[in-house]
Amino acid sequence: MKFAPMWLCLMLYVFDQPCIAQSGTSAVPDANPGRPTVSTPAALTPVGYLQFESGTLFAEHSTEFSNRFGVSLVTKLAVLPRLELLLESEPLAISQSEDRAAVHEGEVFAGVQSVLISGTASRPTVSVSYVRRVHVSVAPELDIGTFRQSGLFLLSDDIYGFHVDMNGIVAEQTQDGVRRAQFGQTLSISHPLRKLTISGEIWHFSQPFEHSNALGNLWAVSYPVRKNLVIDGGFNRGLTKTSTQWEVFLGFTYLLPHRLWSAHHGSHSP
């Protein structure tokens with residue numbers, strides 16, 4: 001965890017440098033952070049813009065480790081108003097169990113998210129997502145575990161000044177050639193406080209191989225340095241014996257200010 005402040009300072013230095021968009025700073029759209037909550041928003045990122053979501057996480061007291069430090073990166077690209085591609089990876093995972101420490105690269109996942117219903121003032125945004133593992137790692141996992149493939153149902157809405165993200169997850173976990181279904185539910189509620197956004201979340205995942213359940217309560221705060229750069233931090237508290245007891249995280253979401261292709265390509269209304 002001692003490296004987290006240095007990493008955050010470096011991140012702020014790199015991304016807080018002035019950036020010039022193709023049509024001026026005002027043309028850069030807002031980032032759409034999917035972190036730091038467990039819930040994923042149903043709305044997609046701006047079409048044609050690469051978005052990077054990266055962070056560090058320090059965890060203590062889990063069934064597979066005493067403590068764990070990881071660096072994560074999620075890359076998203078909406079290629080159509082209703083279709084987004086994503087790639088999730090963990091370039092570094094450092095764990096300690098008893099008196100033994102290990103350094104590994106984490107797993108890699110690729111997926112797609114599609115909007116079924118576009119949100120308006122009177123209706124929520126509804127999406128579905130499919131994610132599949134493309135690289136397996138031996139690094140110890142958090143209480144949620146790892147999956148071979150998963151499907152998500154996502155709903156996002158704004159209600160009385162609060163933003164709500166709800167996810168329902170069905171995943172396939174494997175162990176020694178045995179496959180089991182995992183079920184998860186998340187509910188995240190956020191509210192702006194001046195320039196800050198405060199988020200609270202409750203989440204649950206079944207643990208099919210442990211015959212138990214992981215349950216946690218997450219609290220986070222985020223701040224927009226610029227409209228395309230949002231930094232965040234917070235903690236998660238595990239609520240069952242098989243949950244990771246404490247997690248602390250710092251990270252950012254950065255939307256690349258240059259569109260990858262001209263606006264008239266794929267710019268039709270959803």
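These notebook entries record what I looked up in one predicted structure.

**Entry 1: Ground rules**

I worked from a predicted model, in which local features need pLDDT of at least 70, side-chain atom pairs count only at pLDDT 80 or more, and totals for chains, interfaces and linings use all residues. Residues are numbered from 1 along each chain as its sequence is written, and side-chain values use heavy atoms, with hydrogens and water left out.

I took helices (H or I, at least four residues) and strands (E, at least two) as DSSP runs, numbered from the N terminus.

**Entry 2: Nonpolar cores**

I began with the nonpolar cores, each a set of buried Ala, Val, Leu, Ile, Met, Phe, Trp, Tyr and Cys residues joined through side-chain atoms within 4.5 Å. For burial I used relative accessible area: buried is under 20%, exposed is over 50%, and partly exposed is in between, with a 1.4 Å probe and protein chains only.

Which residues form the largest nonpolar core? I found seven: Ala42, Leu152, Leu154, Ile169, Trp203, Phe205 and Ala214. At least two residues of this core come from strand 7 (149-159), and at least two from strand 10 (196-207). I also noted another core lying apart from it, with five residues that include Leu86, Phe109, Phe147 and Ala171.

I then listed the contacts of Phe205, where contact means heavy atoms within 4.5 Å. With neighbours within four places in sequence left aside, Phe205 is in contact with Val38, Ile144, Ile169, Gln182, Phe183, Gly184, Thr186, Asn213 and Ala214.

**Entry 3: Ala78**

I looked up Ala78, which lies in strand 2. Is Ala78 buried or exposed? Its relative accessibility is 0%, so Ala78 counts as buried. Residues up to four places away in sequence aside, Ala78 touches Thr45, Pro46, Val47, Gly48, Leu83, Glu84 and Trp261. I also recorded the separation of the C-alpha atoms of Ala78 and Gln113, which is 8.8 Å, with the two residues 35 apart along the chain.

**Entry 4: Backbone geometry**

I kept a general rule in mind: most residues other than glycine have a negative phi, and most peptide bonds are trans.

Where is there a cis peptide bond? I found one joining Arg35 and Pro36, with omega about 10°. Pro36 belongs to the loop between helix 1 (4-15) and strand 1 (50-60).

Tyr160 is not a glycine, yet its phi is positive, at about 50°. I located Tyr160 in the loop between strand 7 and strand 8 (162-175). Tyr160 counts as exposed because its relative accessibility is 79%.

Arg194, also not a glycine, has a positive phi of about 55°. Arg194 sits in the loop between strand 9 (178-193) and strand 10. With a relative accessible area of 86%, Arg194 is exposed.

**Entry 5: Cavities**

A cavity is a set of points where a 1.4 Å probe fits but cannot get out; a pocket is an open set with protein on both sides within 12 Å along at least five of seven lines; lining residues have an atom within 4 Å of a point. Grid points are joined across faces, edges and corners, and a volume is the space filled by probe spheres set on the points.

How many cavities of 30 Å³ or more does the whole structure hold? The search finds two. Of its 47 lining residues, Thr37, Val38, Val74, Glu88 and Ile144 lie nearest its centre. Strand 2 (residues 67-80) provides the largest share of this lining, seven residues.

The second largest cavity holds about 30 Å³. I listed its lining as Asn32, Thr40, Pro41, Ala43, Thr45, Lys76, Glu84 and Gln113.

The largest pocket has a volume of about 610 Å³. I found 30 residues lining it, with Asn32, Pro33, His163, Asp165 and Ser190 nearest its centre. Strands 7, 8, 9, 10 and 11 (212-226) are the elements that give two or more residues to this lining.

I recorded about 400 Å³ for the second largest pocket. Among its 25 lining residues, the closest to its centre are Glu64, Glu141, Gly145, Thr146 and Gln175. Strand 8 gives the most to this lining, with three residues.

Technical notes
On a 1 Å grid over the protein atoms alone, a cavity is a set of points where a 1.4 Å probe fits but cannot get out, and a pocket is an open set with protein on both sides within 12 Å along at least five of seven lines; lining residues have an atom within 4 Å of a point.
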